[in-house]
Amino acid sequence: PRSIWLSRHGESEYNLGGQIGGDADLSERGHRYAKLLPELVRKSVGDDRPLTVWTSTLKRTIQTARFLPKDYNQLQWKALDELDSGVCDGMTYAEIKEAYPEDFAARDDDKYNYRYRGGESYRDVVIRLEPIIMELERSEDILIVTHQAVLRCIYAYFMKKDQKLSPWLNVPLHTLIKLTPRAYGTIEEFTSSGI
Ligand code: F6P
């Protein structure tokens with residue numbers, strides 16, 4: 001049966017500083033994950049099963065995928081970019097709370113529906129992922145390297161969880177997730193890179 005492999009990008013410079021959004025490079029640890037990823041994938045996928053790799057258009061996902069075998073087709077999707085945090089892009093949560101206290105409280109109240117000023121909500125992300133999900137449903141083996149919020153929504157879809165829960169799902173860094181959809185439900189397998 002076909003499977004879908006999911007990974008967050010390696011740790012970025014923004015992750016280190018607690019900043020959200022942006023288009024930062026990977027941190028040193030993130031680069032280390034990128035180098036470990038081909039072996040992590042090979043162990044999980046096997047040797048003679050070429051994958052198609054999808055990334056977002058942001059540097060941190062492209063950098064994470066760059067050491068994967070050359071014969072893997074790679075495709076960049078704008079629809080896989082991280083949830084757009086609008087005017088809060090590049091800020092830390094503490095800075096957002098300080099600058100936009102009402103927004104901060106509103107997001108806490110209803111994280112699924114809260115839309116950043118000039119940006120997106122989780123609900124918006126779920127809608128923009130529809131073409132991705134449709135394409136995934138009719139694809140062979142795929143590896144997706146993307147961002148926390150986006151992965152939460154894709155994971156919720158395949159695990160048949162209520163999308164309204166996606167903002168709180170735990171999608172760990174530096175971990176490869178294998179999802180195998182079956183008639184009775186999706187089988188999941190997590191492999192940590194150990195870094
Ligand atoms: O901090 C990394 C990040 O991917 C941000 O770019 C993004 O805004 C955030 O996680 C999404 O997580 P949450 O919805 O929990 O703030």
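1. A residue is called buried when its relative accessible area is under 20%, exposed when that area is over 50%, and partly exposed in between. H174, with a relative accessible area of 1%, therefore counts as buried. The model is a predicted one, and the values in this note should be read as computed from it.

2. Is K160 buried or exposed? K160 has a relative accessible area of 66% and is therefore exposed, whereas H174 is buried at 1%.

3. Helix α8 itself, which spans residues 148–158, is largely enclosed by the rest of the structure, because 9 of its 11 residues are buried. The buried residues are A149, V150, L151, R152, C153, I154, Y155, A156 and F158, a list that contains the charged residue R152. What covers the buried residues of α8? The cover includes the strands β1 (4–8), β4 (142–146), β5 (175–182) and β6, together with the helices α6 (122–128) and α7 (130–137).

4. T186 counts as buried because its relative accessibility is 15%. A polar atom of the T186 side chain lies 2.7 Å from the backbone oxygen of F158, and F158 is one of the buried residues of α8. If neighbours within four places in sequence are left aside, T186 is in contact with F158, M159, L179, T180 and P181.

5. The structure holds 4 aromatic pairs, and two of them are described here. In the pair of Y114 and Y116, the ring centres are 5.4 Å apart and the planes stand at 80°, so the arrangement is edge-to-face. Both residues of this pair are buried, Y114 with a relative accessible area of 11% and Y116 at 5% relative accessibility. The pair of Y155 and F190 is edge-to-face too, because its planes are at 70°, with the ring centres 6.4 Å apart. This second pair links distant parts of the chain, since Y155 belongs to helix α8 and F190 to strand β6 (residues 185–192), 35 residues apart. Y155 is buried, with a relative accessible area of 9%, while F190 is partly exposed, with a relative accessible area of 39%.

6. The largest pocket holds about 600 Å³ of space. Of the 28 residues that line this pocket, I20, Y93, R107, Y116 and Q148 are the closest to its centre, and Y116 is also a member of the aromatic pair with Y114. Which helix gives the most to the lining of the largest pocket? Helix α5 does, with 4 residues, and each of α1 (13–17), α4 (93–99), α5 (101–109) and α8 supplies at least two residues. By class, this lining has 11 nonpolar, 9 polar and 8 charged residues.

7. The second largest pocket holds about 150 Å³ of space. Its lining is made of 13 residues, and those that lie nearest its centre are D81, E82, L83, D84 and E120. By class, the lining of the second largest pocket divides into 2 nonpolar, 3 polar and 8 charged residues.

8. A last point concerns helix α2 (residues 28–45), where V45 is found. V45 counts as buried because its relative accessibility is 6%. Leaving aside neighbours within four places in sequence, V45 is in contact with W5 and L51. The C-alpha atoms of V45 and A34 are 17 Å apart in space, for a separation of 11 residues in sequence.

Notes. Residues are numbered from 1 along each chain as its sequence is written. Side-chain values use heavy atoms; hydrogens and water are left out. Rings of Phe, Tyr and Trp (its six-membered ring) pair if their centres lie within 6.5 Å; planes under 30 degrees apart count as stacked, over 60 as edge-to-face and the rest as tilted. Buried means under 20% relative accessible area, exposed over 50%, partly exposed in between (1.4 Å probe, protein chains only). A polar contact is a pair of N or O atoms within 3.5 Å; within protein, one must be able to donate a hydrogen and the other to accept it, and residues adjacent in sequence count only if both atoms are side-chain atoms. Contact means heavy atoms within 4.5 Å. On a 1 Å grid over the protein atoms alone, a cavity is a set of points where a 1.4 Å probe fits but cannot get out, and a pocket is an open set with protein on both sides within 12 Å along at least five of seven lines; lining residues have an atom within 4 Å of a point. Grid points are joined across faces, edges and corners, and a volume is the space filled by probe spheres set on the points.
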